[in-house]
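Please study the sequence and the structure shown here before reading on. The paragraphs that follow move from the overall form of the chain to individual residues.

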Amino acid sequence: MMNLYWNSWAEFFAMGGYGVYVWWSFAVCATGLCIEGVLLRINRAQTLAQIRRAQMLAKINDAGGAQ
């Protein structure tokens, strides 16, 4: 059987007086994860653009070499 440590939402958010530290650490962690996600998306888009440019250059070089 599961016992809840807190009797109310206010006690839950207060975390026995350590709520400021707990919730700030969660906020910092969540912010870091969000920033990491955004940076990964940007990096992915840049990598895909580089691949597309390399493929276009390869096609141009192949077409130029065939003449």
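**From the whole chain to single residues**

In this predicted model, the protein chain contains two helices and zero strands. Its radius of gyration is 26 Å, whereas the globule rule gives 11 Å for 67 residues; the value is well over that figure, so the chain is more spread out than a compact globule. The box filled by the C-alpha atoms, taken along the principal axes, gives a further description of this form: its dimensions are roughly 80 × 30 × 10 Å.

The next topic is the surface. Of the 67 residues in the protein chain, 3% count as buried. The accessible surface of the chain amounts to about 6400 Å², and carbon and sulfur atoms account for 67% of that surface. One nonpolar surface patch, of about 660 Å², is formed by Tyr18, Val20, Tyr21, Trp24 and Val28.

Trp24, a member of this patch, lies in helix α2, which covers residues 19-65. Why does Trp24 count as exposed? The relative accessibility of Trp24 is 58%, and residues over 50% are classed as exposed, so Trp24 belongs to that class.

Ala30 is also located in helix α2. The relative accessible area of Ala30 is 36%; because this value falls between the limits of 20% and 50%, Ala30 is described as partly exposed. How far apart in space are Ala30 and Arg44? From C-alpha to C-alpha, the separation is 21 Å, and in sequence Ala30 and Arg44 are 14 residues apart.

Notes
Residues are numbered from 1 along each chain as its sequence is written. This is a predicted model: local features need pLDDT of at least 70, side-chain atom pairs count only at pLDDT 80 or more; totals for chains, interfaces and linings use all residues. Side-chain values use heavy atoms; hydrogens and water are left out. Helices (H or I, at least four residues) and strands (E, at least two) are DSSP runs, numbered from the N terminus. The radius of gyration is taken over C-alpha atoms; the globule rule is 2.2 Å times the number of residues to the power 0.38. Buried means under 20% relative accessible area, exposed over 50%, partly exposed in between (1.4 Å probe, protein chains only). Accessible areas come from the Shrake-Rupley method with a 1.4 Å probe; for residues, only the protein chains shown count as cover. Patches are made of residues with over 30% relative accessible area and no salt bridge: like charges are joined within 9 Å, nonpolar side chains (Val, Leu, Ile, Met, Phe, Trp, Tyr) within 5 Å. A salt bridge is a side-chain nitrogen of Lys or Arg within 4 Å of a carboxyl oxygen of Asp or Glu.
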